[in-house]
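This report walks a new reader through one protein chain. Please look over the sequence and the model before reading on.

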Amino acid sequence: MKTKKIIIAAVILTLALGSLGVLLKINGSSAANESGGNYIYIAEHKPFNAWQHTRGRTVKSFLFDTSGDVQYIERGDSQIVRDLREGRMDFEHVQDVFSNHWPERDPGTEKETEDSDEPQVITHDHPGYFQVVVALSGEPVRFWEGPEEDMPAPWSALIEESRDRLSAVEEKEKAVVAWLHATLLTPERAREMKTTTRRVRPIDEADLSHSPQLEEALLNPFKIFPIYKDENPFTPLGWSSYKPGRSAANVSWRDSVFRVCPMRNGIVSE
């Protein structure tokens, strides 16, 4: 009976941490900004309940670009976009807040955990956390992850300001069948994927000439782009079709690794 409980606990732990990633406080991790883009990405990953894993974790994110455009997305781990809002904010102000208040902490420090002789059954929510990516032209891309209480106060204030200003929902596009989303992986995660059995597909400029959509997504990480009926942005990968919310590709391009997913459209009016 004891062995059975241990197995159940291990399975739950795998679901909670394995599929979502162990929560790390990352500061100072960087990658070359090969795309040359200027953007700042902030994602709030809500708590996750290990006993109700099918419900997934809600992610609320902001993407600021140098033109002053802001894209707000609310999505789930099931890769469905539930809310999309677009607005304007002063990018220089956002850049100053994040660059001038970057946390001082040793890079890659894991949260401390208590030692235990046996796996503990998870009976509470896996804690929420924030992810920040700062990509400025001519500078390495910087990554940070950690709980809200570890964020500098000016960061938290800017997030609240952004929520208040993006109060109007963008007009829903009924013809959109999916949203194309490319996530830039940290250098640590990229190296891990390249050394495991997970396939990372190298792609070059000639490949991208067959899919302007895929090229646009790779040039603008974390921003979502509409996929309309009868469009297939994955033709450079040799895909004859794709399934929104289920298909995904790991792409190596310009010395960076991206996770590219077609997310389901959940904001279409009934």
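How many residues lie between β4 and β5 in their hairpin, and which residue in the turn has a positive phi? Three residues separate the two strands, and G68 in the turn has a positive phi of about 100°. The model is a predicted one.

**The chain overall**

The chain has 270 residues, and 44% of them are buried. Its secondary structure consists of six helices and 15 strands. If contacts between residues at least 6 apart in sequence are counted, 69% join residues at least 24 apart. The accessible surface is about 14,500 Å², and carbon and sulfur atoms account for 47% of that surface.

Strand β2 covers residues 39-45, and seven of its seven residues are buried. Its side chains point two ways: Y39, Y41, A43 and H45 one way, and I40, I42 and E44 the other way. Both sets are buried.

Strand β2 pairs with β4 (residues 58-65) and runs antiparallel to it, with seven bridges. Two positions illustrate this pairing: A43 has S61 as its bridge partner, and Y39 stands opposite D65. Strand β2 also pairs with β9 (residues 129-135), in the antiparallel sense and over seven bridges. There, E44 is the bridge partner of F130.

Strand β4 pairs in turn with β5, again antiparallel and over seven bridges. Strand β4 is largely enclosed by the rest of the structure, because six of its eight residues are buried.

The pairings are listed below.

| Strands | Sense | Bridges | A bridge pair |
|---|---|---|---|
| β2 and β4 | antiparallel | seven bridges | A43 and S61 |
| β2 and β9 | antiparallel | seven bridges | E44 and F130 |

**R75 in strand β5**

Strand β5 spans residues 69-76 and contains R75. Is R75 buried or exposed? Its relative accessibility is 10%, and buried means under 20%, so R75 counts as buried. Neighbours within four places in sequence aside, the residues in contact with R75 include Y41, R57, T58 and V59. Also in contact with R75 are I80, V81, R82, H181 and M263.

**Helix α6 and the cores**

Helix α6 runs over residues 212-219, and L214, A217 and L218 are buried in it. These three residues lie on the same side of α6, because they cover an arc of only 95° around the axis. An α-helix has 3.6 residues a turn, so residues three or four places apart point the same way. The cover over the buried residues of α6 includes β11 (176-184), α5 (205-208), β13 (224-228), β14 (249-253) and β15 (256-265).

L218 also belongs to the largest nonpolar core, which has 29 residues. Within this core, L218, V251 and V260 touch the most other members. Strand β11 supplies the largest share of the core, four residues. Outside the four places on either side in sequence, L218 is in contact with A182, L208, V251, W253, F258 and V260.

Conventions:
Residues are numbered from 1 along each chain as its sequence is written. This is a predicted model: local features need pLDDT of at least 70, side-chain atom pairs count only at pLDDT 80 or more; totals for chains, interfaces and linings use all residues. Side-chain values use heavy atoms; hydrogens and water are left out. Buried means under 20% relative accessible area, exposed over 50%, partly exposed in between (1.4 Å probe, protein chains only). Contact means heavy atoms within 4.5 Å. The arc is that of the directions from the helix axis to the C-beta atoms. A nonpolar core is a set of buried Ala, Val, Leu, Ile, Met, Phe, Trp, Tyr and Cys residues joined through side-chain atoms within 4.5 Å. Accessible areas come from the Shrake-Rupley method with a 1.4 Å probe; for residues, only the protein chains shown count as cover. Two strands pair if DSSP finds at least two bridges between them.
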